[in-house]
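Visitor: I'd like to learn how to read a model like this one, feature by feature. Could you start with a single side chain and build up from there?

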Amino acid sequence: MSSAFKSLLIHGRQSSPVIIGLCIGIALSLIRTPFIDDDCPRSLSPEIQTNERLGKLRDLRSNGLTTEEDYEPRLVLDSFNKEETSKSTKAEKLLRPRYYTTELGIRDKLLVAVISTEESIGTFGIAMNKTLNHHVDKIIFFIDGIGTKKFGLDIPIVGFKDEKPLIKVFRMLTYLHENYLNEFDYFFIVSDRTYVHGRKLHKMVKRISISENVYMGMLMDNPESLYCSIDAGIVLSHSVMQAVGAKLSWCTRNTYSEADTDNLGRCILHATDKPCVSSLQGQQYISYRLREDVEVVSHLQLIGGSSLVREAVTVSNVPEANDLFALHMFYLQDDVKHVNKSIQEFIKEIQTAKPNAPVIKREDTWPIGSAPAHHPTTRFDVICWDTFNATHIFLPDDYQNAKPIIGADKLDIMSVVNASISHMHIKTKGNLEYRGIEYGHRRLDPTRGVDYILSLIFRDNTSGQTVTRKLEACRSLTEPEIIPMPYVTENNRITLVLPIIQAEMVEAVEFVKRYEAECMVSGEHTFLLLALLYQPGVSSEGDDADVFKPLKDLALKYTREHHDAGSKVGWVSIHTVSHRPSEFALVDLVVKKLQEDTLVLVTKHSSHISNDFLNRVRMNTILNWQVFSAVPFTQYHPEGVPDQEAYRKLEVSKNVGHFDNYNFDHISFYVGDYTAARKSVAETIPIIKNVKDLKRDQPEEYDYGIYGLFLRASNLHVLRAAEPSLKLVYQNIECNEKTKTQSERHKYFCSLQEGYSFGLRTQLSKLVLDYIEQGKGKLRE
């Protein structure tokens, strides 16, 4: 017997019990398995003994219902199509909203709906709009009538043609539900004979959670009443407005009361099963009702100190529209007192908490509670101080040694100086008499505001000596506020107005060619209107004697080629007198041929216009709201630019050109806005209605142009911004030739513009050095 066989017998005897036990176990499991399968459902808990749960236990890949029969998968290959399968498995394109607020469901806080009438909209409506509009996100007036066009008022009015007083409030709710339901968290309904304390109302709704159904107001005089008075104002949340909107048909059918308060209260109670409340989440709604024919001013003087009046959100039953302004002044004064009191309380809290602050953070900030002063991290982050005296600011920029204090700078500095004088007068009890400014420093800190250090000269009335006092002042930044802007699109058509004289024919032809390549070929929604300025005695009949005939022929050619795209180049002929017409005369003669809603862009022949610039003109020029004045990128004189390749390509670079802040030639506006502003200065600058009126045009007497017109004679916003897509080739400014016909103000700005147009100081200094070196070389020869 071999050794290997002996070893196997020895190990086999040792492991035989294990092998026998394993075999018996396998045999028993095979015998017992059918009985376990039959008893398994009976061993499960009652909670999972349903077909749905059993189906999920049997097949974890399916979330649907299963039957007691086993599921047998079946593969069908007869109608298999690879193209259809690929289409079905391809992910659909996600369509996202235009604005992120829509996608995230962000809503504005408060909309005010005012119930008014045709008789009171011009008095109470105007007064209410002026006192409330700047405190809420939106305000709309609802009347029985045509609407805004009938009254000529610049406020949002919604009119209902069919006069049915009983359902007027439900028509208003229908309008709000259909147009503004998903845009606001709260809706405030009130009548126009009620003063609304806008600041307190907005503060109250901000403290109420939007997750709760809010039906809040001042309950009726009846203690068992479930309704709130519309005259006192009613606050409805988004959820309540949504529920009411679904029941408006029932509310309209079941209207029988002549009081809007009863009809609205019954409707809300039916829709939400929720009565009106006067207090919610710690906020108390208080309304004060004036007696009939009360004298408001004297009444406020009598009971103005009452908490019932001061804590009121609304004051109803106001007798006259002017009383709304009296109430507004009363509550504004009260708000100022509360703000000043809060500031003093915060100062005390800061001073009390200061000793407990960490040592390394225990820095004094002045004013107390304001942002700390800017600490530069590098030498490139230093904020410079401007030094000034009573008349000039010294070293205002890299190009000037001194600049007169005028305009906004003068108003800003003098307001701080006057406040400092008042402070010293109070502090010294009138012993110091102001004499003048020795010097001052000013710094604009973007994190905190404008800091001032003043050295003022006083006369001491007790000793008769002249003394100086150093004061530090700070004009802190207020809370930034987002200004609501009307919705505009990039689909408006732009009418470009290009004035041309005979000497500018070559440049005008090049401009039209660039316009054709940039706008007409690409189908840009624009119209080029050439204002051809003919000198006296020059023909404009379009024959060979017409100096602008090549330009007219080119315009007709491009118009015919791009007729299908809607692009067009036209012209208007203007026969001038002895001098070139002013900006006002030129625009007056052009806009009379255009409609009120036409978007006009005044430009120059040296400009290179792109589609990006035109789109910005469309977005930044808003009817009845804003005009746009672009700051163009202007090339330097070609002799001073070393990189001629970048110069030919009109690259936006500091070595090639600069943004000309003194160029106001490019401005866009709507014809209606220009006409309204132009009429306000018609007495000083006559309106030119036809060519014969050009004799009345006196450009040398006008101290401003179209840009200045909108600044001085219009309430519109004037947006002035650098525009890199608007590029101008270099043009000689030649202020000396215009000196005879320019005002002193124009001469000053023209000289600055001319000086900046030559090039950078480094470029000009290099030219001077080269000139000197060339001169020395000639002397050596």
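**From one lysine to a whole sheet**

Guide: Lys 549 has a relative accessible area of 24%, which makes it partly exposed. The scale runs from buried (under 20%) to exposed (over 50%), with partly exposed in between (1.4 Å probe, protein chains only). Bear in mind that this is a predicted model: local features need pLDDT of at least 70, side-chain atom pairs count only at pLDDT 80 or more, and totals for chains, interfaces and linings use all residues. Residues are numbered from 1 along each chain as its sequence is written, and side-chain values use heavy atoms, leaving out hydrogens and water.

Visitor: Which residue forms a salt bridge with Lys 549?

Guide: Asp 553 does, with the closest N and O atoms 2.9 Å apart. The rule asks for a side-chain nitrogen of Lys or Arg within 4 Å of a carboxyl oxygen of Asp or Glu. Asp 553 is partly exposed too, at 35% relative accessibility. Both residues sit in helix H17 (residues 549–561), and because they are 4 residues apart, about one helical turn separates them. Helices here are DSSP runs (H or I, at least four residues), as are strands (E, at least two), numbered from the N terminus.

Visitor: How far apart are the closest N and O atoms of Glu 504 and Arg 580?

Guide: They are 3.7 Å apart, and that pair is a salt bridge as well. It connects distant stretches of chain, 76 residues apart: Glu 504 is in the loop between strand S18 (494–500) and helix H16 (505–520), and Arg 580 is in the loop between strand S20 (568–575) and helix H18 (583–591). Glu 504 counts as buried, with 15% relative accessible area, whereas Arg 580 is partly exposed at 37%. Under the salt-bridge rule, the model has 21 of them.

Visitor: On to helix packing. At what angle do H9 and H11 pack?

Guide: About 95°, with the axes of H9 (residues 238–246) and H11 (residues 260–272) 9 Å apart. Axes are lines fitted to C-alpha atoms, for helices over the stretch in contact, and angles run from 0 to 180 degrees between N-to-C directions. That makes H9 roughly perpendicular (65 to 115 degrees) to H11. On the H9 side, Val 240, Ala 243 and Val 244 make the contact (heavy atoms within 4.5 Å), and on the H11 side Cys 267, Ile 268, Ala 271 and Thr 272 do. By class, that gives 6 nonpolar residues, 1 polar and no charged ones. Nonpolar covers Ala, Val, Leu, Ile, Met, Phe, Trp, Tyr, Cys and Pro; charged covers Asp, Glu, Lys and Arg; the others, Gly among them, are polar.

Visitor: What is the strand order of the open sheet of 6 strands?

Guide: Read across, the order is S3-S2-S1-S4-S7-S6, and the pairing is mixed. Strands pair if DSSP finds at least two bridges between them. S3 (157–159) and S6 (215–217) are the edge strands; each has a single partner strand, so one side of each has no neighbour in the sheet. On average, neighbouring strands are turned by 25° against each other, direction ignored.

Visitor: How many bridges join S1 and S4?

Guide: There are 7, in the parallel sense, with Ala 113 opposite Ile 189 in S4. S1 also pairs with S2 in the parallel sense, over 5 bridges; there, Val 112 has Ile 139 of S2 as its bridge partner. S2 (residues 138–143) runs parallel to S3, joined by 3 bridges, and Ile 143 partners Gly 159 in S3. S1 is mostly covered, with 6 of its 8 residues buried.

Visitor: Which strands does H5 lie across?

Guide: H5 (residues 121–132) lies across S1 (108–115), S2, S3 and S4 (184–191), running at about 170° to S2. H9 comes back here too: it lies across S4 and S7 (234–237), at about 85° to S7.

Visitor: How many helices and strands does the chain have?

Guide: The chain has 24 helices and 26 strands. It runs to 781 residues, 38% of them buried. Among contacts with a separation of 6 or more, 71% are between residues 24 or more positions apart.

Key. Parallel < 35°, antiparallel > 145°, perpendicular 65-115°, else oblique.
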